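Subject: A structure for you to look at

Hi there,

Here is the structure I promised to pass on. Please have it open while you read, and my notes follow below.

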Amino acid sequence: MSEGDYFSTPEWLSSLVAWDRPGFTPQLLMKTAIDVAIASAKNGGGPFGAVLADASGKIVEIGWNYVVKSHDSTRHAETHCIRRAQNLLNTHDLGAPGLPELALYSSCSPCVHCFGVIYWSGLKKVLAAATKEDAEAAGFDEGPLTPDMWAAAKERKGIEYTPCFCRDQQALEPFRVFAALNGKLY
């Protein structure tokens, strides 16, 4: 896989994801997003991961942060996950009629960039574990995203945002791994 390849899954991630298996609980889906974030940090990426799943708990797609390794400032986990899902499902609108109801599980609260991508993606449900403040404490600039913006997204686009979902010590592990490996901030 080349560093610029958005649609292949690297070997180091393949074993983390139970593709084609329905029945994952929301908690296990979030754990998978956090595991993807840890694997990303261990493999030279940023400490962020995302999982897109249908209502049955089946993983549709994953995304990991590869901003520095790919020389691409848009290669955030949520954006990557959405881009891969849109390619897989052959649509620009992940909320289109005929598609299953999808939810995005993010290891950390989306930054302002990912918020914009989510807003236009058609997704209606987003859950995040770690907070914007957790990411900023680790040295990341998450941009000027406010709770009012999520409220406007709910009103205008019907996006349900659940922050601090499964936020525990495990949710902070990607940042600890990234720091221990002297990951490059961006």
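A word on burial before anything else: a residue is called buried under 20% relative accessible area, exposed over 50%, and partly exposed in between, using a 1.4 Å probe and protein chains only. With a relative accessibility of 7%, Phe48 therefore counts as buried.

Please keep in mind that this is a predicted model, in which local features need pLDDT of at least 70 and side-chain atom pairs count only at pLDDT 80 or more, while totals for chains, interfaces and linings use all residues. Residues are numbered from 1 along each chain as its sequence is written, and side-chain values use heavy atoms, with hydrogens and water left out.

**The sheet**

Helices (H or I, at least four residues) and strands (E, at least two) are DSSP runs, numbered from the N terminus. Five strands make an open sheet with mixed pairing, in the order β2-β1-β3-β4-β5. Its edge strands, β2 and β5 (160-162), each pair on one side only. From one strand to the next, the twist averages 15°. Two strands are said to pair if DSSP finds at least two bridges between them.

Strand β1 (residues 49-54) is mostly covered, with six of its six residues buried. Gly49, Val51 and Ala53 are buried on one side, and Ala50, Leu52 and Asp54 are buried on the other. β1 pairs with strand β2 (residues 59-64) in the antiparallel sense over five bridges. Within β2, Ile59 is the bridge partner of Ala53, and Gly63 is the bridge partner of Ala50. The hairpin of β1 and β2 has four residues between the strands, and Gly57 there takes a positive phi near 90°. β1 is also joined to strand β3 (residues 102-108) by five bridges, again antiparallel. In that pairing, Val51 stands opposite Tyr105 in β3.

Lys125 belongs to strand β4 (residues 125-130). Is Lys125 buried or partly exposed? With a relative accessible area of 34%, Lys125 is partly exposed. Contact here means heavy atoms within 4.5 Å. Setting aside neighbours within four places in sequence, Lys125 is in contact with Leu102, Ala103, Leu104 and Glu160. Lys125 and Leu104 are 21 residues apart along the chain, and their C-alpha atoms are separated by 6.3 Å.

A nonpolar core is a set of buried Ala, Val, Leu, Ile, Met, Phe, Trp, Tyr and Cys residues joined through side-chain atoms within 4.5 Å. The largest one has 53 residues, and those with the most contacts inside it are Met30, Leu52, Leu104, Tyr105, Trp150 and Phe175. Helix α2 (residues 26-42) supplies the largest share of this core, eight residues.

Thr32 is also found in α2. Thr32 is buried, at a relative accessible area of 7%. Beyond neighbours within four places in sequence, Thr32 is in contact with Leu16, Val51 and Ile59.

Back to Phe48, which sits in the loop between α2 and β1. Leaving out neighbours within four places in sequence, its contacts include Ala37, Trp64, Cys108, Phe140, Phe175 and Tyr186. Counted in the same way, Phe175 is in contact with residues including Pro47, Phe48, Ala130 and Ala138. Phe48 and Asp72 are 24 residues apart in sequence and 15 Å apart in space, C-alpha to C-alpha.

**Two helix pairs**

Axes are lines fitted to C-alpha atoms, for helices over the stretch in contact, and angles run from 0 to 180 degrees between N-to-C directions. Angles under 35 degrees count as roughly parallel, over 145 as roughly antiparallel, 65 to 115 as roughly perpendicular and the rest as oblique.

The axes of α2 and helix α8 (residues 169-180) come within 8 Å and cross at roughly 5°. These two helices, α2 and α8, are therefore roughly parallel to each other. Among the residues that make the contact are Ile34, Ala37 and Ile38 of α2 and Ala171, Pro174 and Val177 of α8.

Helix α5 (residues 112-121) and helix α7 (residues 147-157) have axes that come within 11 Å and cross at roughly 10°. So α5 and α7 are roughly parallel to each other as well. Residues that meet there include Phe115 and Tyr119 in α5 and Trp150 and Ala153 in α7.
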